[in-house]
Amino acid sequence: MKSLQLNQNDNVAIAILALEQGETVENTDVSTTTAIPPGHKVAINAIKQGEAVYKYGQIIGSASADIQPGDHVHSHNLGMGEFKQDYAYASASTPLPPIDSSATFMGFKRSDGQVGTRNYVGILTSVNCAGTVARIIADAATDSEWLKAFPNIDGIVPIVHGTGCGMSSSGESYDTLFRTLSGYAQNPNFSAILMVGLGCEIMQISALVGSYSKEDSERFRYMTIQESGGTRLTVERGLELLQEIAPLANQATRTECPASSLVIGMQCGGSDGYSGLGANPALGAASDLLIRHGGTTFLSETPEIYGAEHLLTRRAINAEVGEKLCDRISWWEDYCERNRGEMDNNPSPGNKRGGLTTILEKSLGAVAKGGTAPLSDVILYAERTKSRGLVFMDSPGYDPASCTGQIASGANIIIFTTGRGSVSGYKPTPCIKLSSNTAMYERLSEDMDLNCGDIIDGDCTIEEKGEELFNMILAIASGEETKSEALGFGGAEFVPWQIGAVM
């Protein structure tokens, strides 16, 4: 199969393989008028300027010029156009069927009821000014002899960032960073936390410490550089505090835990024309499987569901949840307008080279990560949720920032689909990389955990790949190493979303 019409109502087909000029589009009498790159679109009907272009049975934009059958459909003749969605709140919210038997994995049970898939000790910084000191402490602890006495600790992870001061001391920007830092401190993949601040910053250590319950106090230690007497003394004190909490962290051992304890952050980056055909639907199938076991998955990247949000509002468990999603879309439209941006600044150049044209097209493929489960909740960036099932967390489309928010919201695994190729990892949370096409998987096999290109190749179904992925999730949650973990990723990918002005 070299080309495919995804829906009977579509007026374009997808080139699964490169099509030469004059080649017949499969199951049509249309011949290509030019060469069509793999992953790109070819018209199978005449489309007049201003008419809608359909893919997945949904509008992906309107023709900016007359398009003839066989023409390449891309940025030169397809634009956003005017569109209006019917949100039909909660009109298609159908519960998933119950599971026959409950899956389990070997995880770390925490006192607050959460379950970790890793057992790290974290060094959390309140401000950029404390970042270097935190790294020095982490490096010294990692190289120490005493750490070898605690084999159940997976490592020492410094969480450093570029903000924490030069910002308002209240409001949206402050609240977002506060949720992010406190969320990381409470992520179940950290068994203990050392907090390090400078002392005079806007994001005060005392405020972060004060947000935890007394029951949590045993697993936290904190200090500031100014009160400790400078870099050398802070490093010495930091190492002393780590040695105090290391025995506690080492007490954690893997025990059998239900799959309902898994919280998956779902992400896509470096997408291409294949992403919405294989990798994203396969992740959606695995998401549905996990939700049937009682687990939770986070769909995010609000600018990258723009134009496809009506597919989620229809699956909302009630009108209130659907309206919460639309409120975030409205917030983003205002956010872009006041910052002189555009919601259609996506797809990126790499996405376009892979065949994606408008944000509507990209969004329809991205939403496939959410499977078919009802939408149970919509939360702010880095906000904790009490809901299970499919949850939408508001975030930018920028992958490191979005994954950071998901981990702060409690994700204990990240799953990342990519078509062009992406290299990254997100300590303390393992990241599973899915390739949308076989060619990229073979080229970047040292970075990709699972090839979903065999769906496109016709060698397996979406459901079969979803089940394969679900089993991989259980194995990695139980301690099996991901490719990004083996390569040492995770030291540079903590990127809190900076909303407000830097002052």
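**Buried helix and charged pairs**

Modeller: Ile359, Leu360, Glu361, Lys362, Ser363, Leu364, Gly365, Ala366 and Val367 are the buried residues of α10. Keep in mind that this is a predicted model.

Biologist: How many of the residues of helix α10 are buried?

Modeller: Helix α10 covers residues 359–367. The rest of the structure largely encloses this helix, because the buried count is 9 of the 9.

Biologist: Which residue forms a salt bridge with Glu361?

Modeller: Glu361 sits in helix α10 and its partner in strand β4 (residues 52–55), so the pair ties together parts 306 residues apart in sequence. Both partners are buried. The closest N and O atoms are 2.8 Å apart, and the partner is Lys55.

Biologist: Is Lys465 buried or exposed?

Modeller: Lys465 lies in helix α14 (residues 462–477) and is linked to Asp454 in helix α13 (residues 453–456). In that salt bridge, the closest N and O atoms are 2.9 Å apart. Buried means under 20% relative accessible area. Lys465 has 2%, so it counts as buried.

Biologist: And Glu468, what is its relative accessible area?

Modeller: Glu468 also meets Lys465 in a salt bridge, at 3.0 Å from N to O. They are 3 residues apart in helix α14, so about one helical turn separates them. Glu468 is partly exposed, and its relative accessible area is 39%.

Biologist: Last one: which helix is Thr313 found in?

Modeller: Thr313 is buried, at 0% relative accessibility. Among the residues it touches are Tyr87, Tyr89 and Cys326. The helix, residues 309–313, is α7.

Key:
Residues are numbered from 1 along each chain as its sequence is written. This is a predicted model: local features need pLDDT of at least 70, side-chain atom pairs count only at pLDDT 80 or more; totals for chains, interfaces and linings use all residues. Side-chain values use heavy atoms; hydrogens and water are left out. Buried means under 20% relative accessible area, exposed over 50%, partly exposed in between (1.4 Å probe, protein chains only). Helices (H or I, at least four residues) and strands (E, at least two) are DSSP runs, numbered from the N terminus. Contact means heavy atoms within 4.5 Å. A salt bridge is a side-chain nitrogen of Lys or Arg within 4 Å of a carboxyl oxygen of Asp or Glu. Lists of a residue's contacts leave out its neighbours within four places in sequence.
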